[in-house]
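Let's take a walk through this fold together, one contact at a time. Have the sequence and the 3D view open as you read.

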Amino acid sequence: MENALVAVAALMILVAMAVTCVDVFMRYVLSMPLSWSFDFIVLYLLPGSYFLAFSYALRTGTHLKVDYFVSYINRRLRGLVLFLVGLVAVVLFGYIAWFYLVEAYHAWLDGDVMGGVIPWPMWPGDMLVFVSSLIFALRLLIISFSHLSLLRGGEA
């Protein structure tokens, strides 16, 4: 699932670049800018390209992390701390996922749209955050439980 989401995120970046190039060409060469490009990119493509890659980055270890204190804590205590902090993060991202699912549902029911030339629906952007937060929370849960092996003296 994470590989598919990061592939969609990469595709979104490519589409954003293509739309931007076409918009710049049409704006400065033909004096006919795309009226919808900025809203489309900001509402769907940028959030998707950012959020959909979260879980993949965590799984592959390419996310930002600060491990300054890790060398000062023994393995068992480190396992317990990482497990507990991981569970707190799971709850936090689970809440974020739930919040955006409810937001997307209400935006869909109410027909919320972004004001502008094209009335872009708001719920797809909320669904992007929901899906990515849910997958991220599940990855955090897996990683949190993997830290329990440090309590037994194993490797995480």
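What follows is a short tour of salt bridges, helix packing and surface features. Please keep in mind that this is a predicted model.

The structure holds three salt bridges. In one of them, Glu2 pairs with Arg59, and their closest N and O atoms are 2.8 Å apart. This pair links distant parts of the chain, since Glu2 sits in helix 1 and Arg59 in helix 3, 57 residues apart. Glu2 also meets Arg139 in a salt bridge, again listed at 2.8 Å from N to O. Because Glu2 is in helix 1 and Arg139 in helix 5, this pair ties together parts that are 137 residues apart in sequence. Both Glu2 and Arg139 are buried, while Arg59 is partly exposed, with a relative accessible area of 36%.

The remaining pair to visit is Asp23 with Arg27, at 3.4 Å from N to O. These two are four residues apart in helix 1, so about one helical turn separates them. Asp23 counts as buried because its relative accessibility is 9%, under the 20% cut-off. Arg27, at 36%, counts as partly exposed. As for shared partners, salt bridges join Glu2, Arg59 and Arg139 into one network.

Now for the helix packing. Helix 2 (residues 37-51) and helix 5 (residues 123-146) pack at an angle of about 5 degrees, with their axes 9 Å apart. The two helices are therefore roughly parallel to each other, because angles under 35 degrees count that way. Helix 2 contributes Leu43, Tyr44, Gly48 and Phe51 to the contact, and helix 5 brings Pro124, Gly125, Leu128, Val129 and Ser132.

Val24, Phe25, Tyr28, Val29, Leu30 and Met32 make a nonpolar surface patch of about 630 Å². Phe25 belongs to helix 1 (residues 2-28) and is partly exposed, at 45% relative accessibility. Ser31 is found in the loop between helix 1 and helix 2, and it is exposed, with a relative accessible area of 61%. Most residues other than glycine have a negative phi. Ser31, however, has a positive value, near 55 degrees.

Terms used. Residues numbered from 1 in each chain as written. Predicted model: local features only at pLDDT ≥ 70, side-chain atom pairs only at ≥ 80, totals over all residues. Heavy atoms only, no water. Patch = residues over 30% accessible without salt bridge, like charges linked within 9 Å, V, L, I, M, F, W, Y side chains within 5 Å. Areas by Shrake-Rupley, 256 points an atom, 1.4 Å probe, with all protein chains shown as cover. Salt bridge = Lys/Arg side-chain N within 4 Å of Asp/Glu carboxyl O. Buried < 20%, exposed > 50% of the residue type's maximum accessible area, 1.4 Å probe, protein only. Axes fitted to C-alpha atoms, helices over the stretch in contact; angles between N-to-C directions. Parallel < 35°, antiparallel > 145°, perpendicular 65-115°, else oblique. Contact = heavy atoms within 4.5 Å.
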